[in-house]
Amino acid sequence: MLEDDVALLACPWCGEAIELYVDPDTRGAMVEDCEVCCRPWRVVVTRQGGELVVSVDRA
Ligand SMILES: [Zn+2]
């Protein structure tokens, strides 16, 4: 897949629904800031059979 994937997440801090754009080459853990409350997430990106799987926790 060459297009970016989009994951729909709920912020673990403020609960706001966020669409996170994930680069096709991105895998593993990274830190992103919430667009709404600006607090840090620890985002873990994995792919299972081409399916994007994203989990998010408080960093
Ligand atoms: Zn937030």
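Is arginine 39 buried, partly exposed or exposed? At 37% relative accessibility, arginine 39 counts as partly exposed, where buried means under 20% relative accessible area, exposed over 50%, and partly exposed in between (1.4 Å probe, protein chains only). The model is predicted, so local features need pLDDT of at least 70 and side-chain atom pairs count only at pLDDT 80 or more, while totals for chains, interfaces and linings use all residues. Residues are numbered from 1 along each chain as its sequence is written, and side-chain values use heavy atoms, with hydrogens and water left out.

**View 1. Surroundings of arginine 39.** Arginine 39 is found in the loop between β3 (28-33) and β4 (40-48). Strands (E, at least two residues) and helices (H or I, at least four) are DSSP runs, numbered from the N terminus. Apart from neighbours within four places in sequence, arginine 39 is in contact with Trp13, Cys14, Glu32, Asp33 and Cys34; contact means heavy atoms within 4.5 Å. The C-alpha atoms of arginine 39 and proline 12 are separated by 9.3 Å, and these residues are 27 residues apart along the chain.

**View 2. The zinc site.** Cys11 (SG), Cys14 (SG), Cys34 (SG) and Cys37 (SG) are the protein donors of the zinc ion, lying 2.3 Å from it. Donors are N, O and S atoms within 2.8 Å of the metal (3.2 Å for Na, K and Ca); water is not among the atoms, so sites may look incomplete. The arrangement is tetrahedral because the four donor atoms subtend angles of 101 to 119° around the zinc ion. Four donors count as tetrahedral if all angles lie between 85 and 135 degrees. The spacing of the donor residues in sequence is C-x2-C-x19-C-x2-C. Cysteine 14 lies in the loop between β1 (5-10) and β2 (17-22) and cysteine 34 in the loop between β3 and β4, so the pair ties together parts that are 20 residues apart in sequence. Cysteine 14 is partly exposed, at 33% relative accessibility, whereas cysteine 34 is buried, with a relative accessible area of 2%.

**View 3. Aspartate 5 and arginine 47.** Aspartate 5 is found in strand β1 and is buried, with a relative accessible area of 11%. The side chains of aspartate 5 and arginine 47 are joined by a polar contact of 2.8 Å. A polar contact is a pair of N or O atoms within 3.5 Å; within protein, one must be able to donate a hydrogen and the other to accept it, and residues adjacent in sequence count only if both atoms are side-chain atoms.

**View 4. The largest nonpolar core.** Twelve residues make up this core, among them Ala7, Leu9, Ile18, Trp41 and Val56. The elements that give two or more residues to the core are β1, β2, β4 and β5 (51-58). A nonpolar core is a set of buried Ala, Val, Leu, Ile, Met, Phe, Trp, Tyr and Cys residues joined through side-chain atoms within 4.5 Å. In β2, the covered face holds Ile18, Leu20 and Val22, and the uncovered face holds Ala17, Glu19 and Tyr21.

View 5. β1 and β2 pair in the antiparallel sense over six bridges; two strands pair if DSSP finds at least two bridges between them. Leucine 8 stands opposite glutamate 19 in β2. β4 and β5 also run antiparallel, over eight bridges. The hairpin of β4 and β5 has two residues between the strands, and there glycine 49 takes a positive phi near 60°.

Conventions. Tetrahedral: all angles 85-135°; square planar, octahedral: opposite > 155°, others 65-115°.
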